[in-house]
Every structure is written in structure tokens, then in C-alpha cells.
Amino acid sequence: MQVFFYVVSFGFLVFALYLFCHVRKKIEYYRRLEKSFDTIVDGLSKLDPNSPEEEFFQKILNIAMEVVPEAVKGSVSRITPSGDWIFVASRGHIVDLFGKRFPSRYLFRAGKDPLEVDFLDYDRDLFPDDMWKFFERTLRGTKKSLVVGIFSGDEFVGNIALDSPYSGFSELSKKVLKSLGNLASTYLLMRKTLANEQQLQKVMSTIFTLLLLFRKSISVEEFLKEALQKIVEASNVFTGGIVFEGNIPVFHTDLEEIPEFDFEESKEEEKIEKLVKDGVHYIVVHLDYKDMPSYHMVFLSNEDIAPSFFSVLNTFAEVVSLYLREYHLHQKYRELALKDPLTEAYSRHYFNEWIFSHMAWLRRNQKKSVLVIMDVDGLKMINDTYGHLMGDKALVEFVKTLKRTVRESDLVFRYGGDEFLLVLVDSTKDNAAGVLKRVEENLKNVDLPFNIEFSVGYEEIDGFIPIERVLSRADDLLYKNKFKKRGGSE
């Protein structure tokens, strides 16, 4: 029997090591993704919409080379109005070939998803001699190229192509280059659409200003509110706007009465929907993204919306949708980084970040919370008797019971091996005693071959007493409680 427990314990340790490595890998992935996206947003937000197109393409290439670590050479190509293919920006390619023109029918037409290609594997008859010589010289020593198309609406206008001496590109690099390609396409579409419309130029600048908000730590609701207000103010077309979560209005601007909508019954598949009710024109921007609430932004106007404005709204919808996707990824990264992988309680690191903002909230609102230190009794004995697998299960069930017993606003942190912190938000020591009694009762219903018991110490937080002092007091009470349970006296 003992051998069995050793085998099970060893297997669990191997699994725990695998899980730890997997989580670390995921955290690193999202950290690199977030850093790359910050680089893209920072670069694009500094662009002058009135700058020459060549300057824009050079900036796009510089960003691409920075966020794709495998790339050693790169270029941005463009199809001219006359149908020629030219290089408008290049790094690492042969200088005397800058500006060389080829018929566009020979251009490799990448889609909106980046593709890995090897031009030197292509049938030589596919290209004219001068183009083949160009590829041989330009791609000398290159094993792979990562290519993504640039579009203006549905019109294909060129490529971003990055060359690597390695055997391929990572999925992260492909994802980052896709985001850059989408934003570059959005920019070109806006330049084309807004070339002769001064009012829409103002809206274009406003939309790109929204990119700067990506760098701030704001929630989806705050971002949508800011976006709604900025577009209504900049447009001079809309008289007001509303943001719905599902069918429920969350906030609005410049409205006395909020109209009702049933978005669940809507069969509209387009991102932008145009409606007319009682002489009022409504433009609905649908924002649906997996694993997140469904949002709808509704803009009101007393007149029909010009067709040229819809391309701007499509761009606006792309920017907002991009924020939703990146916010979702950021939240996943934070969940991995700030939660204990075994018990799913928050980590000690997160407690150290969160507690100071919570104390500031207590001071502003003149409220109190209760900090509870809890220690699972006899964990070593459980591990020695039943094995570490069962000991871990005891900790998991302990945290589950805590979360089921306390309110949703209360937070549970794993502070050490068998030590946990519970913060009862906006509460008092008198309330804490009743909560802990319910935790004791609920632990009796846990299906394990032993009872889970705990020792406890707690102290109030008012936002003024240093948290180190509160922790010290609660810790003293914890050890007095443990000593008393072992038969000692205070």
C-alpha cells in the first residue's frame, strides 16, 4: 500500500511540474504578446495622418522588424495606380534594387492571415528573368519569408514581407504580424476614404486617439464609454449614443430618453446595422467576441448618414473589437499570473498589489474591512498518512468551501503552503465571527476521509493603520488560537 502512495505521489509531482512549466510558458507567451502589441500601438499612435505614404510604410516596416524577432530582412511592397509593384520601404535588401518595378500580376498575393513562403522553391517559369534574379539576390541565405497582405477595404494594395534565416516563424510572430497588417490596412482605408472630407478627418484623428487608451489600465466598460463620447463629440453627425450590454443600456450620452432594442432577435450578421424608427436614424455597431459579454453601441442622428461615413464606422468597429480581443488576452494573462494554480485562490503577489488600492478605497469611503489569516491544521499529518495528493485535495476543498461561504466581493489569497488570507470587504470583526462559524460548519460536509479544521486570527483594516501592523496582529492571534487548540492557555 505504501508503495502505491509513493507511486501516486511521484506521479502527482511529475504532473505538477508539467503544469508549472505549462503555466509559465503561457504567461511568457501573453507577456510577449502584450509587449509586442504595446510596440505596435505606440508606433502607430505617433503617426501624423497627413504624413507622406512612404513615411507610413517605413514606420510599418520598422515596427514589423521590431516585433518579429526571427526577421533579419524585410520590405513593404505597394501596387501603384498604374499596376506596377514597387518597394516603398526595405531593410537588409540590396540598395540598388529599391524602387524596381514589376508587373503586379506576378506579385505573391498574401491574404489577411500571414503565410510562410519560400520563394526559391517556386517554379522558375512563374517569374520573368529580371524578377527571378531579384529574388535570388534579395533572398540569398533566407530560408523562409513571412508575408501578410495590406488591403484598403477589399482592394489588395501590397505586402509586408519579413525574411528569416531560420526554418520558420513562431505562432506568436504570425499573430503579431496579423494585427499589424490589419491596422496598416485600416489606416490606408481611412486615408483613402477621408481624403477630401475635413469633418471625417477629425473623426479619423479621434479614432486613432482611442489607440492611446490601449496603454491605460481601464476596463472594457470605461473604454466603451470613452469611445462613445469621443465619436459623438467629433462627428457633428450624431445627436447622442448608448452602449448596451446584451439588451440592457449601460450608459449613454446626450439623451433624455433611451430607446428599446432587442438585439437577441436581430439576425443581422454585419458589424454595422442601419435602422430608422419614428424619424430617428440609428446606427448600431455590434461588438461580439467569444467568452466576453455582447456589447452594442447605438448612435442617433436626425438625418440620414452619408455612405462615406460607414467606412469610418467600420474602422471604428475594428479598433474597438481589437481592444476587446486584447483586453481578453490581457485578462487571461493576469489570471495565470495572479492565481495559485492548485487552489485557484489569488496569489500572495496579487495581495501585495491589491491591498494598497483597497486601503485607499477604505480611507476615501470611511469604511472598514476584516483581514483573516487562516492555517489548515495538521496538513503534514495528512500528507504523511494519506499522501501529498490527498493533502493537496484538502487545500483545494478548503478554498472551495471558503468561496462558497463568503460573498462574491470577498477575496481569498494563498499566503503560504497551508496559510490563507481572507479579506471580508466592508465588514467588521463582529461579522467575521459569524462567517468563520459558517465556514467550520460547511467544512464538515466535505467528502474526505478526515475532517478539515483550521486555526484563525483576524483584525480590522481601516486604511490608516499600516497593513504590516494589521498582518502582525492577526498573525499573533492565529498562533494563540493554535496554541490554545493544542491544550495550552493564554
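Figure 1. Contacts of valine 76 in a predicted model. The largest nonpolar core. This core has 38 residues. Those with the most contacts inside it are Ile40, Phe56, Phe57, Val76, Ile160, Leu162 and Leu177. Several elements give two or more residues to the core. They are helix 1, helix 2 (53–67), strand 2 (84–91), strand 5 (144–152), strand 6 (155–164), helix 4 (171–193) and helix 7 (307–338). In soluble globular proteins, nonpolar side chains tend to be buried together.

**Figure 2. A second, separate core.** This core has 34 residues. Among them are Ile231, Phe238, Phe316 and Leu324.

**Figure 3. Helix 11, residues 429–443.** Helix 11 has 15 residues. At 1.5 Å a residue, they should span 21 Å. The end C-alpha atoms are 21 Å apart, so the model agrees with that expectation.

**Figure 4. The buried side of helix 11.** Buried here are Ala432, Val435, Leu436, Val439 and Leu443. These residues cover an arc of only 100° around the axis, so they lie on the same side of helix 11. An α-helix has 3.6 residues a turn, so residues three or four places apart point the same way. The buried residues of helix 11 pack against strand 12 (369–376), helix 10 (388–405), strand 14 (419–424) and strand 15 (454–461).

Figure 5. Among the elements, helix 1 (residues 2–45) has the lowest mean pLDDT, 65. Strand 14 has the highest, 95.

Conventions
Residues numbered from 1 in each chain as written. Predicted model: local features only at pLDDT ≥ 70, side-chain atom pairs only at ≥ 80, totals over all residues. Heavy atoms only, no water. Helix = DSSP H or I, 4+ residues; strand = E, 2+ residues; numbered from the N terminus. Expected span 1.5 Å × (residues − 1). Buried < 20%, exposed > 50% of the residue type's maximum accessible area, 1.4 Å probe, protein only. Arc of directions from axis to C-beta. Contact = heavy atoms within 4.5 Å. pLDDT = per-residue confidence, 0-100. Core = buried A, V, L, I, M, F, W, Y, C linked by side-chain atoms within 4.5 Å.
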